[in-house]
Amino acid sequence: MSGKIKVGINGYGVIGKRVADAVSLQDDMAVIGVTFNHFDYRIQAAAVKGYPIYYGSNSLKITESAVHISGGLDDLIKKVDVMVDCTARGAAAANKPAYKKAGIKAIFQGGENHELTGVSFVAQVNYAEAINQQFVRVVSCNTTGLCRVMSAFHRHDWVKKARAVLMRRATDPWESHKAGMVNTMVPEMKVPSHQGPDVRSVLKDLNIVTMAGTASHNLGHLHYAMIETTRSLSKVDVCRALREEPRIALVRAQDGIVALNSVIELMRDLGRPRNDLWEVAVWEDGLTVSEDEIYMVFMVHNEAITVPETIDAIRAMTGIESDGRKSIEKTDRALGITKEFLRGIEHQKATSISR
Ligand SMILES: NC(=O)c1ccc[n+]([C@@H]2O[C@H](COP(=O)([O-])OP(=O)(O)OC[C@H]3O[C@@H](n4cnc5c(N)ncnc54)[C@H](OP(=O)(O)O)[C@@H]3O)[C@@H](O)[C@H]2O)c1
């Protein structure tokens, strides 16, 4: 492939708008256009940012528009190497035949089933599986978070059995005026919740069961995980494994980071776009290692966590980079993804080992 990878984003919602911004920060790919379904402030903001705007379907037409519309979905399909389909859960599958017919590559998001693509993707786990594929699914936010954390232990063969409980956010901030719960929690009755089996579409031999529920907040998901290990480990071993794993950052209640809102406030203070936490935030002082068990709690920012994965999927599928580590490092540099928010990593290594 010569020149930059030409990327289209179909669906400019929570995920699509973030993917567009992340693509535009990479030096080896470019945003060719983004699509809309309803014409409102969201797509107008995309036009202000300079993204070419397309209709999200070929039948959609609006009579008056304050922004220039460059064409329909088919016009965009003709111009891109890769379409990142970020339309709503379940809608994306209907677009696959058009991508197939045009011979372009397409990335689907976690609202779609594994069977749609046959390849479910988390960059640090199975980058190689996506190389030169035409269709790949970047797994959901919760599945991505679980895969990153479990991968830190699984790559050492430490996981005998993992169990996780997920407290999901009720709705996303942009649509909090129209949906969401107040003053309650809703437990899911199905065990396992779908995230455990979904993790196994990536980490195929992991013994994991998840339970889930939804709570009345909109900041992100909170996971509790209990991992029975194959050997006796110390907290130092576990912290080291988490530090060595990409896209996991340790946070501490002793720094005042005591809740989901503190993590998001930290992202605001650090000037992150849209307060985005691309990393999994694991509470170091909430981590307990007892003989052959690890107990841990971490935050998954649903709006942001899959965005770097999508960038790496673009590189793998186009074959522009065959080394997953290199792609991850490149993406992380461009976005500013870190292992430590508040302290130098060397300082952390030293204090953790002497504890
Ligand atoms: N939100 C999350 O926390 C999250 C996290 C990880 C993965 N995901 C996955 O990412 C995907 C997108 O989710 P999202 O949260 O970004 O959804 P979203 O905010 O609702 O955005 C979806 C976008 O697609 C457009 N759209 C909807 N139906 C369409 C159709 N039939 N044709 C063309 N465009 C259509 C929507 O336009 P209108 O709004 O104008 O209809 C909107 O711009 C889903 O698979 C979801 O499961 C979501």
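Predicted model: local features only at pLDDT ≥ 70, side-chain atom pairs only at ≥ 80, totals over all residues.
Let me start at one helix contact: Pro-308, Ile-311, Asp-312 and Arg-315 in α10 meet Ser-327, Ile-328, Lys-330, Thr-331 and Leu-335 in α11, where contact means heavy atoms within 4.5 Å, and where helices (H or I, at least four residues) and strands (E, at least two) are DSSP runs numbered from the N terminus. By class, this contact of α10 with α11 has four nonpolar, two polar and three charged residues, with Ala, Val, Leu, Ile, Met, Phe, Trp, Tyr, Cys and Pro counted as nonpolar, Asp, Glu, Lys and Arg as charged, and the others, Gly among them, as polar.

Residues are numbered from 1 along each chain as its sequence is written, and side-chain values use heavy atoms, with hydrogens and water left out.

Now the geometry. The axes of α10 (residues 307-318) and α11 (residues 324-335) come within 9 Å and cross at roughly 135 degrees, the axes being lines fitted to C-alpha atoms, for helices over the stretch in contact, with angles from 0 to 180 degrees between N-to-C directions. That makes α10 oblique to α11, since angles under 35 degrees count as roughly parallel, over 145 as roughly antiparallel, 65 to 115 as roughly perpendicular and the rest as oblique.

Helix α10 also packs against α1 (residues 14-24), with axes that come within 9 Å and cross at roughly 55 degrees, which makes α1 oblique to α10. Here Arg-18, Val-19, Ala-22 and Val-23 in α1 meet Val-307, Thr-310, Ile-311 and Ile-314 in α10, and by class this contact has six nonpolar, one polar and one charged residues.

Finally, two local features of the backbone. A cis peptide bond, with omega about 0 degrees, joins Val-191 and Pro-192, and Pro-192 lies in the loop between β9 (185-187) and α7. Arg-247, in the loop between α8 (235-244) and β12 (248-251), has a phi near 60 degrees, a positive value in a residue other than glycine. As background, most residues other than glycine have a negative phi, and most peptide bonds are trans.
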